[in-house]
Amino acid sequence: MLIGDSTMKNGRGKGENGQWGWGSFFEQFFDTTRISVENHALGGRSSRTFYTEGLWDKVLPGIQKGDYLFIQFGHNDGGPLNTGRARASLKGIGDESQTVIMERNGGPEEVFTFGHYLRIYIRQAKTRGAIPIVLSHTPGNTWDGNKMVRNNETYGKWSREVAEQEGVLFIDMNDLIATKCETLGKEKTNELFKDRVHTSYEGAILNCEALIEGIETMPKLDLRKYIIK
């Protein structure tokens with residue numbers, strides 16, 4: 001099961017505007033007679049709003065013992081707390097919270113940290129016997145010289161820290177993808193993106209390939225045995 005944002009499932013997952021999330025193709029890398037992939041991601045959602053809008057409540061009942069849950073957020077966790085799209089989480093992984101008055105309805109909402117929301121998904125999935133795997137979010141097509149910009153000081157770092165604290169696996173998908181793009185170079189990488197963040201079909205496939213590489217480096221992850229070689 002996959003939960004995340006538009007980089008995982010863009011629009012209705014039908015390639016609107018040539019944009020694809022990697023989750024639309026993830027099952028192609030597995031023996032689908034033994035593994036099924038459910039992509040529950042929704043564009044524009046953050047670690048906070050995937051929970052507060054009730055999306056997680058629809059996913060959780062279907063999680064069974066032995067299922068894998070891939071968790072990937074970060075792209076939409078910045079911005080305003082209570083105005084406009086109002087989807088930001090507080091920075092970091094601490095236990096602090098802040099009560100804000102929401103512009104859209106005039107009511108209060110207690111907003112927690114990015115790490116707090118990740119812990120909800122991890123702990124509730126564990127309670128049902130599932131195996132959570134935390135992913136750093138995909139890189140944007142932003143460069144500093146010949147290096148693609150990572151997110152290893154913010155959401156990537158916080159995702160890793162939460163995974164370590166909760167004793168679950170972490171795959172640095174951000175770095176794996178960026179490394180692949182650097183090998184290809186800027187010009188070829190431009191063909192993989194439809195804008196600064198969202199990928200083309202080819203870009204989505206490359207993102208899947210990067211994640212598969214990450215899975216294959218983890219000897220304790222039984223999911224490896226279902227990968228099509």
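**Pockets and a cavity in a predicted model**

**View 1. The largest pocket and its lining.** Fifteen residues, written here as 15, line the largest pocket, and M1, I35, S36, D67 and Y68 lie nearest its centre. This is a predicted model in which local features need pLDDT of at least 70, side-chain atom pairs count only at pLDDT 80 or more, and totals for chains, interfaces and linings use all residues. Residues are numbered from 1 along each chain as its sequence is written, and side-chain values use heavy atoms, without hydrogens and water. A pocket is an open set of points on a 1 Å grid over the protein atoms alone, with protein on both sides within 12 Å along at least five of seven lines; lining residues have an atom within 4 Å of a point. The volume is about 270 Å³ (the space filled by probe spheres set on the points, which are joined across faces, edges and corners). The lining divides into 8 nonpolar, 4 polar and 3 charged residues (nonpolar: Ala, Val, Leu, Ile, Met, Phe, Trp, Tyr, Cys and Pro; charged: Asp, Glu, Lys and Arg; polar: the others, Gly among them).

**View 2. The second largest pocket.** This pocket holds about 230 Å³ of space. Its lining has 16 residues, with H75, H137, G140, N151 and R196 closest to the centre. By class, 10 are polar, 4 nonpolar and 2 charged.

**View 3. The largest cavity.** A cavity is a set of points where a 1.4 Å probe fits but cannot get out. The whole structure has 1 cavity of 30 Å³ or more. The largest cavity contains about 30 Å³ of space. Around it stand T7, T138, P139, I177, F193, V197, T199 and N207. Its lining has 4 nonpolar and 4 polar residues, but no charged ones.
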